[in-house]
Each structure stands twice: as structure tokens, then as C-alpha cells.
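Welcome! Take a moment to look over the model below, and then we can walk through how its chains meet.

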Amino acid sequence: MVTNVTNFSRSGLYDWMAQRVSAVVLAAYFLFLLGYLLFHPNLSYADWHGLFSHNWMRIFSLLALVALGVHAWVGMWTISTDYLTAMAIGKWATSVRFLFQAVCGIAMFAYFVWGVQILWGI
Amino acid sequence: MLFVLDKSLSSEEGFADVKMYLTSPLAKFVIWGLLSALLYHLVAGVRHLVMDTGVGETLEGGKTGSKIVIAVSVVLIVLAGVWIW
């Protein structure tokens, strides 16, 4: 079984599943928000703030944010291992790829923390 | 996007500011661009999920699948444009 240190998990199959599951969560969240905005044309602050003060919405949003982190990580990892290769860049490929993945990882963690602060810091 | 969410939830004025920003043509264009990319990604993603079940994995199936994805995406993107403007 091929395992790679920098991928998300134990095996490629686990990543494959994680990406599908996170995609479904994100699709559900996106469609919900889109529906909400469509059905509330002239949205007032009270409605908008009210929506996000329900705990189920906060949890759903956080779940979506985690799913986004997972989805983006697996996606970006796949892209980086496809394109940032020795064949493409040559000698420095591994360090460039590692830096790229580190930046992605930090960005995703930062967004997650920021999201928690927004949702629970109201 | 998180910044806009934060601002819109912060207060009545923040919400008003966000609404005011969103009226500018540039903001609308950026949002329409983001939304279009997301809509296409969503449709293509759904196609991948369909293909995971084994449907549309042949060459012909793949071609028709792609055409469907592009057609559906174009429709959704135009609708999004109408909705935003």
C-alpha cells in the first residue's frame, strides 16, 4: 500500500472518501445558503444575524468550514503532487511542493480559527 | 468572504456597509465570477460523483457527461448573473 507522508491520511482511498464526503457537505451548505438568500430577497440585519445565532447554523457553518479545509487540502495536495514535480521544476521540486502544501495548510487552519471566532464571537 | 461575513454580522452599520459595497459593479462582477467558478465546480463535482457509481465511464459516456456539465453550468451561470444584476 503506497503511503505518502504529506498526504492527508493513511491511504489514498481515505483521501478519496474524505474529498467526496466533504464535497457533499459543502454542496448541502452552499445550496442551503443560496436557497435562504433566494427566499429572503430584501434581507434585514435582524434576519441575517438571527440565522447565525441559531446553534444548529453555527455548527453547520463550522462543519462546512472543516469540510472546506479537508476538501481544499486534498484538492491542493493532488494538484501539487501532479504538477510540482521533479519533471516540471527539477531539483527544487520537493521543497517547493512542501512549501506550497505548508502554506495551504496554514491558510486552512487560519480560516478555520477565524470562522470559529466569527461564529462564536458575535 | 469571511471578512464580509464578519462585517455583516458585526452590527447594523456593518450590515449596511456590506450592502452598500455590494452594489458597486466591480463587487458584483467579482462575486459573479466566484459564483460562476463555484457553480461549474459543483456541477462537475456532481458528475464525478455520478461517475463514481459507474455511470458514464465509457468514452461516449464521458463525452456526453462533459457536454451536460457545460450546458448546465452555462445555464446556472447566466441565471446567477441575472440574479446579481
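Predicted model: local features only at pLDDT ≥ 70, side-chain atom pairs only at ≥ 80, totals over all residues.

Between chain B and chain A, 4 residue pairs are in polar contact, with both residues of each pair at pLDDT 80 or more. On the side of chain B that touches chain A, the elements giving two or more residues are α1 (2-10), α2 (12-22) and α3 (25-52) of chain B. Sorted by class, that side of chain B has 11 nonpolar, 4 polar and 4 charged residues.

The two chains also share 1 salt bridge. To find it, look for A:R20 and B:D52, whose side chains meet at 2.7 Å, N to O.

## How much is covered

Now step back to the whole interface. Here 19 residues of chain B are in contact with 22 residues of chain A. The size of an interface is often given as the accessible area lost when the parts come together. Chain B and chain A bury about 1700 Å² between them, and 78% of this lies on carbon and sulfur atoms. On the chain B side, B:L2, B:L9 and B:W83 lose the most area to chain A, together making up 36% of what that side buries.

## A closer look at B:L42

Where does B:L42 have its place? You will find B:L42 in helix α3 of chain B. Leaving aside neighbours within four places in sequence, B:L42 is in contact with A:A27, A:F30 and A:L31.

For a sense of scale, compare B:L42 with B:K28: they are 14 residues apart in sequence and 20 Å apart in space, C-alpha to C-alpha.

Notes. Residues numbered from 1 in each chain as written. Chains lettered and ligands numbered in written order. Heavy atoms only, no water. Contact = heavy atoms within 4.5 Å. Buried area = accessible area lost by both parts, 1.4 Å probe. Salt bridge = Lys/Arg side-chain N within 4 Å of Asp/Glu carboxyl O. Polar contact = N/O pair within 3.5 Å; in protein donor to acceptor, adjacent residues only side chain to side chain. Helix = DSSP H or I, 4+ residues; strand = E, 2+ residues; numbered from the N terminus. Nonpolar A, V, L, I, M, F, W, Y, C, P; charged D, E, K, R; others polar.
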